[in-house]
Amino acid sequence: MVKITDNEAIICETLLEQYLDKSEPVINPVKLLFTGVGERDVYNITAPFEDEGEIVIAGRVESRDSEHSEIMFFVERYDAWVPREGMPKLTLQDPFYTRIGEEIVLGGVEVYPHPTNDGALAWRTVMYKGKRLQDLTLFFTGPNGMKDLRIAEIHDGSIAMFTRPQGEKGGRGKIGFTQLASLAELTIERIEETPLLKDQFIEAEWGGANDLHLLSNGMIGILGHIASFDEAENRHYYPMVFVLDPRTGDYSDIELIAVRDRFLPGVAKRKDLIDVVFSGGLVRKEDGTADLYAGISDAEAHRITIPDPFLKFEALEVRV
């Protein structure tokens, strides 16, 4: 039964059991080949998007033994993705993409020295905008310590904003939601006062939004991740989805849409990252399927084709 109320936090173990019980088909697994980056890895990619009539992917480019990365932009040439000429290189991690009005919004995670803990690093989300990638300029720097800040324009022209505080408010990381009248309301104060969605994660687990989709009935489809540690401190990241109705605030329970072994075999940055699938983006297709683009084990970028996870929600009648 499809529902978007009566929420409850479902642990990763149960979500995994539910996903495996459904036995949903996964087809056409592909490991994306990136060239022109030397010995560095490309992972945690966006889904392909259009810029000046050309299809582009943004990816995190990083040496296997480092956390210092940059975002680069790639175009497909034959069977490989190559760096696009004339593009900015941003000293950021984990790119994301959307459009607000006539402008591209491209964001990522900025890593910087921790202000109080010598030798440690801290992070925050930053966003750039411009009518084309060549014109990107920094327009917003988010709160210190917050990854996975996402925005999207919805049907009435307002801005849906999903946050992910950690610490006293969010624990290891929980999702918040609010609406902004315009980008002018995107401020650290509005982010910090955004209420959390209740009963999505238990305290030992965490997650965030990665890619937002405006559905035909006005609901927002959220592609994200949910994650946990096992007893050996190995990380387990799963691609998940839920939907939210911005008119009522109702939202569905989290569902997994893939697991690591649905993708092709590959390498990992470290042993504790083998079971990591980081949702990058989803391309919905007219045949009822969707291409899921993901970072794999903090070392590679893959794609699989799955049933469109938002179709069943798009068929719902919603209150206006």
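This is a predicted model: local features need pLDDT of at least 70, side-chain atom pairs count only at pLDDT 80 or more; totals for chains, interfaces and linings use all residues.

Visitor: Which residues does E205 touch, not counting those up to four places away in sequence?
Guide: E205 touches I10, I11, C12, R172, G173, I226, A227 and S228. Contact here means heavy atoms within 4.5 Å. Residues are numbered from 1 along each chain as its sequence is written, and side-chain values use heavy atoms, with hydrogens and water left out.

Visitor: Where is E205 found?
Guide: In the loop between α2 (188-192) and β14 (206-214). Helices (H or I, at least four residues) and strands (E, at least two) are DSSP runs, numbered from the N terminus.

Visitor: Then what does the side chain of E205 reach at 3.1 Å?
Guide: The backbone nitrogen of C12.

Visitor: OK, salt bridges in general. How many does the count come to?
Guide: By that rule, 29 salt bridges. Take R64 and D41, whose side chains meet at 2.5 Å, N to O. They link distant parts of the chain, 23 residues apart: R64 sits in the loop between β4 (54-62) and β5 (69-77), and D41 in strand β2 (residues 41-43).

Visitor: Is R64 buried or partly exposed?
Guide: Partly exposed, at a relative accessible area of 37%. D41, on the other hand, counts as buried at 8% relative accessibility.

Visitor: What about R60, which residue does its side chain meet in a salt bridge?
Guide: D94, at 2.9 Å, N to O. R60 is in strand β4 and D94 in strand β7, 34 residues apart. Both R60 and D94 are buried.

Visitor: And K269, where's that one?
Guide: The side chain of K269 forms a salt bridge with that of E62 (2.8 Å, N to O). K269 lies in the loop between β17 (255-256) and β18 (275-284) and E62 in strand β4, so the pair ties together parts that are 207 residues apart in sequence. K269 counts as buried at 10% relative accessibility, and E62 does so at 0%. Salt bridges that share partners join R60, E62, E67, D94, R235, K269, R270 and D272 into one network.

Visitor: Switching to strands. In what order do the four strands of the open sheet go?
Guide: β7-β8-β9-β10, with antiparallel pairing. Two strands pair if DSSP finds at least two bridges between them. β7 (93-100) and β10 (137-141) are the edge strands, each pairing on one side only. β7 and strand β8 (residues 103-113) pair over six bridges, and I100 stands opposite E103 in β8.

Visitor: Now β16. Why call it largely enclosed?
Guide: Because nine of the 10 residues of β16 are buried by the rest of the structure. β16 runs antiparallel to β15, joined by 10 bridges, and I226 has Y238 in β16 as its bridge partner. β16 also runs parallel to β18 with two bridges, where H236 stands opposite D275.

Visitor: How many residues lie between β15 and β16 in their hairpin?
Guide: Five, and E233 in the turn has a positive phi of about 65°. Most residues other than glycine have a negative phi.

Visitor: What is phi of D148 near, then?
Guide: Near 55°, also a positive value in a residue other than glycine. D148 lies in the loop between β10 and β11 (150-153), and D148 is buried, with a relative accessible area of 7%.

Definitions and conventions: A polar contact is a pair of N or O atoms within 3.5 Å; within protein, one must be able to donate a hydrogen and the other to accept it, and residues adjacent in sequence count only if both atoms are side-chain atoms. Buried means under 20% relative accessible area, exposed over 50%, partly exposed in between (1.4 Å probe, protein chains only). A salt bridge is a side-chain nitrogen of Lys or Arg within 4 Å of a carboxyl oxygen of Asp or Glu.
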